[in-house]
Amino acid sequence: MFEEKNYKEKSKILVKRLLIATAILLIIFLTKQMVVQYQINREGGMATVINVAGRQRMLSQKIMKGILFLQNGDMEKEKETMQVLQEDIDLWVASHYNLVHGNEEEGIPENKSQITQALFEEIQPVFQEMLEEVRVILLKHQTFAGEKRDTDDNLAKIEASEKQYLSQMDEIVCNYEQEAEQSLRYLEMTHIVLFSIMITIMIYLFLQVFRPGLKELQLSFFEINETNENIKKMFSTMKGAMFIVTTKGDILFRNQDAKALMLKACTKMAENQKQELKDLPVEKGNIIQCIHWSNLNIKRILEKVEVE
C-alpha cells in the first residue's frame, strides 16, 4: 500500500509552477513580437532613407547638368530649363532636411545616429554653398534675361562643391547601409536569444510541471484502481444479497448472494413472459451470462422476489 500523500499541497505547487512559467512565456512571446515589429518598422524606414540619400546624389548631378545646360543651352528654352531646375532644387533641399530632421509623412524616421548626425554636420557647409551659388545663377538669369551674365565664378564654385558633396554623400549612404546591416544582425540575435529562452521555459514546464503531474496522475489512478479492487473483494465476501447501484437504480456491482437473488428473479421474469429456455444451459453461471444484468433495475428485481 502506498504512503498517504498530501495531494492538495502538491497540486498547489504544480499549479503555481505552471502559472509562473506560463506568465513568463507569455511575456517573452509578447516582448519578442514587439521587438520584431519595431525592427521591421525600422528596417522599412531605413530602406526609405537609403533610397532618398541615394537620390540626393542623383539630384546634385542633375542640378549641375541643368546649370551647365542653362549656361550653354538654347535661349528659347531657358524658361523651361529654369522651371525644371527649380523643381529639382526644391526636391533636393526638402530631401536634405528630411534626412537631417526626419519626416513621418514621407516615411523617413528621425535621425538618431551620432555618426550620421556628424556626417550631415560636415556636409552642411558644402550643401549650403552649392545651394547659394545655384540660386545666384538662377537669379542672374531671371534678372538679366537675354543678356550676357557673369556666372563663371559661380559655376566654378558649384563644380567644386558638387564633387565634394558627392564624395561626402557616398559616405553617408554607406553609413546608412552599415547601420541597416547592424540592425538586421541585432534583430537576428534578439530573435535567437528570445527563442532560446522560450525553449528553456518549455523544457522547464515539461520537467517541473508536466512530468511530475503525469507521475502523480498515474499514481493516483493506480491507487484508486487498487482501492476499488479491494472494495470489490471485500464486498463479494459479505453475507446477504448486496448491490452497488446508481441513483437511478441501475446495478454497478453485486456479491454472490446478490447473484443468486438475481438468478431467481430473472428466472421468474422469464416464466412470466413465457420465454423459451429449453435451448439454454441451465447452469447458474450461464443463465447469468445470457442476461445483461447491468441493464436491469434493482427495483424490478426486488419486486419480483417479494411477489414470489
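Reader: OK, so is Phe 210 buried, exposed or partly exposed?

Author: Phe 210 has a relative accessible area of 47%, so it counts as partly exposed. Its place is in helix α4.

Reader: Which nonpolar surface patch is Phe 210 part of?

Author: One of about 720 Å². Phe 210 makes it together with Leu 18, Phe 195, Ile 199, Met 202, Ile 203, Phe 206 and Leu 207.

Reader: And which element gives the most to the nonpolar patch?

Author: That's α4, with 7 residues.

Reader: Switching to aromatics. How many aromatic pairs does the structure hold?

Author: There are 4 aromatic pairs. Take Trp 92 and Tyr 165: the ring centres are 5.4 Å apart and the planes sit at 70 degrees, so this pair is edge-to-face.

Reader: Where do Trp 92 and Tyr 165 lie?

Author: Trp 92 is in helix α2 (residues 78-101) and Tyr 165 in helix α4 (residues 152-236), so the pair ties together parts that are 73 residues apart in sequence. Both Trp 92 and Tyr 165 are buried.

Reader: What about Phe 127 and Tyr 165, how are those rings arranged?

Author: Their centres are 6.5 Å apart with the planes at 35 degrees, so that pair is tilted. Phe 127 lies in helix α3 (residues 114-143) and Tyr 165 in helix α4, so here the parts tied together are 38 residues apart in sequence. Phe 127 is buried, like Tyr 165.

Reader: Which residues do the ring pairs link into a cluster?

Author: Trp 92, Tyr 97, Phe 127 and Tyr 165.

Reader: Now confidence. What does the protein chain average in pLDDT?

Author: The average is 76, and 76% of the residues score at least 70.

Reader: Which elements have the lowest and the highest mean pLDDT?

Author: Helix α6 (residues 284-290) has the lowest mean, 41, while α2 has the highest, 90.

Reader: Where does pLDDT stay under 50?

Author: Residues 274-296 are one such stretch, and the model has 27 contacts beyond four places in sequence for them. Residues 304-308 also stay under 50, with 6 contacts beyond four places in sequence.

Reader: How should I treat predicted coordinates where pLDDT is low?

Author: Don't read them in detail.

Note on methods: Residues numbered from 1 in each chain as written. Predicted model: local features only at pLDDT ≥ 70, side-chain atom pairs only at ≥ 80, totals over all residues. Heavy atoms only, no water. Phe/Tyr/Trp six-rings, centres within 6.5 Å; stacked < 30°, edge-to-face > 60°. Helix = DSSP H or I, 4+ residues; strand = E, 2+ residues; numbered from the N terminus. Buried < 20%, exposed > 50% of the residue type's maximum accessible area, 1.4 Å probe, protein only. pLDDT = per-residue confidence, 0-100. Contact = heavy atoms within 4.5 Å. Patch = residues over 30% accessible without salt bridge, like charges linked within 9 Å, V, L, I, M, F, W, Y side chains within 5 Å. Areas by Shrake-Rupley, 256 points an atom, 1.4 Å probe, with all protein chains shown as cover. Salt bridge = Lys/Arg side-chain N within 4 Å of Asp/Glu carboxyl O.
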